Amino acid sequence: MKRFAELIDSLIFTPSRNGKIRLMGDYFTHTPDPERGIALAALTGGLTFTDAKPAALRNLVMTRVDPVLYGWSYDFVGDTAETISLIWPPRPGANREPTLTEVVETLAETKRADVPKLVERWLDALDAQGRYALIKLITGSLRIGVSARLAKTALAEWGGQPVDDIEEVWHGLTPPYLPLFAWLEGREERPAVGEGAGFRPLMLASPLEDVDIAALEASIYRAEWKWDGIRVQLVARGGECRIYSRTGDDIGPAFPDILDAMEFDAVLDGELLVLRDGVVAPFNDLQQRLNRKAVTGKMLLDYPAYVRLYDILFEGPEDLRQLGFEERRQRLEAWYARTTPRRMDLSPMLPFETWDELAELRNGARENAIEGLMLKRFDSAYVAGRPKGPWFKWKRGALTLDTVLMYAQRGHGKRSSFYSDYTFGAWKGDDLVPVGKAYSGFTDEELGMLDRWVRNHTTKRYGPVREVEQGLVLEVAFDSVHRSTRHKSGVAMRFPRVSRIRWDKPPHEADRLETLERLIVE
Amino acid sequence: MTSSSALPPAFPPESWIKVLPQGLYVEPGNFFVDPVRPAERAVITHGHADHARPGNIKVLATPDTLAIMRARYGDGAGSSLQPLPYGERLRIGEVDVRFVPAGHVLGSAQAVLEYRGCRIVVSGDYKRRSDPTCAPFEPVPCDVFVTEATFGLPVFRHPPDGREIARLLHSVELFPERSHVVGAYALGKCQRVIALIRRAGYDKPIFLHGAHIPLCNLYRELGVDLGELVPATGLKKDAFVGGIVMAPPSAVADRWARRLPDPVICMASGWMTVRQRARQRGVELPLVISDHADWDELCQTIEDVGAPELWVTHGREEALVHHATGRGIRARALALVGFDEEGQGELPDVEHPPTHDANPGTKPGLGQGALL
């Protein structure tokens, strides 16, 4: 448990992807089986056991700690898991510290009512770092900035094998993944490809700039809308159903309505959306459904989920990925007509002759749910990753707004000495209201200039954040804007980024909130 | 001498030691302990800037503390500096004064004050665990114990410092192409961290930010071995690859650190216990190493000195007062102003600005369900 707890802590604090990969590799090197396999399952969300409820843990800590001191401590720390892990009083002569494997195996065969007793013994045996990892683990959310895909990438780099090979064999394996580690350490052959409901790495598109399009031959590409939801893979094999995100995270539990509708045997590629009366709801509505372990009946009614299908990878046991796009599309249409799954439809194909014609179509699309166009070569096989050439995404031209810089925050990792995250505002009356945050769109040189400007025009400091004079106009580009009850301004932008630094423009000439509100498409 | 009876002493402590705007005033000796404004006569517990301020006329402190004050303030340290080694007695007015090690930094002392049979110990800042750079804390039985409470909440239990140093050295090994920059307060923490790194067997040169050089030199003159130290100025970026660099907390994640190759930002501070604190400062490797007593040490010390009365000077007074009251001790917060709440300097409390809270532009990472 100690090593796992150290890993969790290091991962929380390490901002860079490569750093996290190195830390996980180091863990796999220094931790024996089966412990490292259980840790891998924890990182990839592959563990099932009776979890503990936060309220039960809070009750537990109250039996051991003065409630007044707990209250002050919680106010200071601001996080229940962390407060409990820190405040838990040591008990001299406590039991031996449990291994991660013991914790997981014991919880798997324990009834919920008996969990607190167990947890109490473990909390006594562990140090603060171990207690924190234990609490995160048993309350069912590690939340350490590591996706299942990243953990598998770390494993792949550590073992010197392509990550997609790991994805292919992944589903045939269960924790603690002994054959997988044996293969990666060169002790055994590669495990057989799993037949079950595993994740197949997605095929991704490269961005297309307007200038590049002339170089492409229009007649060999097929076009469809790029919908503004989240890309998913629906896997229904042998009665087992899974919904995977782009990175291979299983998000099924948050979408029981979709799982229910998967009464077929196929692997499909599509866009997850919230749909009401056939109209795609703003991305914000979908956001209400994301990142949940469970959903209420009311959520299912208020935010009905839907999948717009793009592609078919398997029909029954038949692997269609080597077929060309057009053939797969025909198979998809025929399959859809036969199966008529609920909560799903086909993303329509958009016939066109010339790029100009398509450009007009793209510019005419004012629906918020459309991010732009997808272009796919008619003969493209479905391959993992982002090959350059077969698929392009051609986004709609961005909207822009002149805003005023209000706050700047330090970045992380390589940017930690720079004020690189900017909160900007629009005028409402004589005041500025913050309307968004951006931390990209500028060059390194511009970042240096922005950083200097922030330091020279600071009016207040709040730890890592500086409030600045209302003196710099940032032209911000964004894909769309929505109403939001979460923000004071009442609006939320999609993908805001700095498009130009308007050193020349006086702040009072920046845009007003009303201008932004007019861009909202209901 | 020490009365632990329930009866109040003949001269109640508050009749001769008082909280004035300048600080803690000892009337029958006509001196202040760690005054926040220049005083005619000052007794100084240790060299940190919130306790030892410039501009006093007569200063009494341990020889090492006086050396530190001279190094920091030059002539501003005081018009007349009188050294009083640990354990020696001196009568000022009607008050007997002696210094006992506080274990906080080199030269740090508790001021033991006795007047007409009543003993008050003003402990300044202190810690209980061993520190290779200074003498260990000695508990002194007393009638009134005056304590800090910088880490006066039961969430603060500093881990063994050897473990923290091992984490640092493991990271140095794991990221050999990077540098490690360790933020540490210039007096005490910096030298202690270096000494601990040496004790763990690391013998390569350690680089120093310019602000750390004078006090490291002074520590060496006063007999503390720190191994080979190299100024971090004027070196090429390559020189720092695989190396450890000591710097003030304010410099580690700021422009100064841009001279270092992809630095792993480390911070040695008791505040690093709280993850959010570390993250707000952009710290990648938090090292929980503190020169202040943690909660257990505070509680243990209250037991060890056996004082029926406890005065809490600064920090998180309410929790310690609550705890002591529960143990049948008369406890109160002195509400002294001017002490660095954060204890270590340069680690300001972070307020939250009214910013646009969420980032509506990004698709959220999946699997970030709200915990607890």
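**Figure 1. Where chain B meets chain A.** In this predicted model, the contact between the two chains draws on 48 residues from chain B and 61 residues from chain A. On the chain B side, the elements that put in two or more residues are α5 (275-280), β17 (285-287) and α7 (317-326). The biggest giver is α5(B), with four residues. Sorted by class, the chain B side has 23 nonpolar, 14 polar and 11 charged residues.

**Figure 2. The domains of the two chains.** Chain B splits into domain 1 (13-155 + 291-333) and domain 2 (161-287). Their C-alpha centres are 29 Å apart, and the contact between them uses 16 residues from domain 1 of chain B and 16 residues from domain 2 of chain B. What kinds of residues does domain 1 of chain B put on the side that touches domain 2 of chain B? That side has eight nonpolar, five polar and three charged residues. Over in chain A, the assignment gives domain 1 (2-138), domain 2 (206-395) and domain 3 (399-518). For domain 1 and domain 3 of chain A, the C-alpha centres lie 39 Å apart.

**Figure 3. A six-stranded sheet in chain B.** Follow the strands across this open sheet of chain B and you read β14-β13-β15-β12-β16-β17, with parallel pairing. β14 (229-231) and β17 of chain B sit at the edges with a single partner strand each, so each has one side without a neighbour in the sheet. From one strand to the next, the twist averages 25°. At the β17(B) end, strand β16 (residues 264-268) of chain B pairs with β17(B) in the parallel sense through three bridges. Look there for B:Cys266, which faces B:Leu285 in β17(B). Helix α2 (residues 161-174) of chain B lies across β12 (180-183), β15 (244-247), β16 and β17 of chain B, and runs at about 155° to β17(B).

**Figure 4. Inside the nonpolar cores.** Which residues touch the most other members of the largest nonpolar core? Among its 218 residues, the answer is B:Val193, B:Val245, B:Met246 and B:Cys266. Zoom in on B:Met246 and, leaving out residues up to four places away in sequence, you find contacts that include B:Val182, B:Ala184, B:Cys190, B:Val193, B:Ile194 and B:Phe207. Two histidines, B:His209 and B:His212, also touch B:Met246. There is a second, separate core of 35 residues too, and A:Met406, A:Tyr422, A:Trp427 and A:Leu450 are among its members.

**Figure 5. An open sheet of four strands in chain A.** The order here is β1-β11-β10-β2 (chain A), and the pairing is mixed. β1 (206-207) and β2 (221-227) of chain A are the edge strands; each has a single partner, so one side of each goes without a neighbour in the sheet. How many bridges join β2(A) to strand β10 (residues 370-377) of chain A? There are seven, and the two strands run antiparallel. One pair to pick out is A:Trp225 with its bridge partner A:Leu373 in β10(A).

**Figure 6. β3 of chain A and two of its partners.** Strand β3 (residues 230-237) of chain A runs antiparallel to strand β5 (residues 266-276) of chain A, with seven bridges between them. Here A:Val235 stands across from A:Val267 in β5(A). β3(A) also pairs with strand β4 (residues 240-245) of chain A, again antiparallel, over six bridges. In that pairing, A:Leu234 is opposite A:Ile243 in β4(A). The hairpin of β3(A) and β4(A) has two residues between its strands, and A:Gly238 takes a positive phi near 55° there.

Figure 7. A:Arg483 sits opposite A:Val491 in β19(A).

**Figure 8. A leucine in a loop.** A:Leu323 belongs to the loop between β8 (318-319) and α16 (325-339) of chain A. Is A:Leu323 buried or partly exposed? A:Leu323 counts as partly exposed because it has 19 C-beta neighbours inside 10 Å. Apart from neighbours within four places in sequence, A:Leu323 is in contact with A:Arg328 and A:Ala381. A:Pro348 is 25 residues from A:Leu323 in sequence and 20 Å from it in space, C-alpha to C-alpha.

Definitions and conventions: Residues numbered from 1 in each chain as written. Chains lettered and ligands numbered in written order. Predicted model: local features only at pLDDT ≥ 70, side-chain atom pairs only at ≥ 80, totals over all residues. Domains from an automatic or database assignment. Contact = placed C-beta atoms within 7 Å. Nonpolar A, V, L, I, M, F, W, Y, C, P; charged D, E, K, R; others polar. Buried ≥ 20, exposed ≤ 12 C-beta atoms within 10 Å, placed from the backbone. Core = buried A, V, L, I, M, F, W, Y, C linked by C-beta atoms within 7 Å. Pairing = 2+ DSSP bridges. Axes fitted to C-alpha atoms, helices over the stretch in contact; angles between N-to-C directions.
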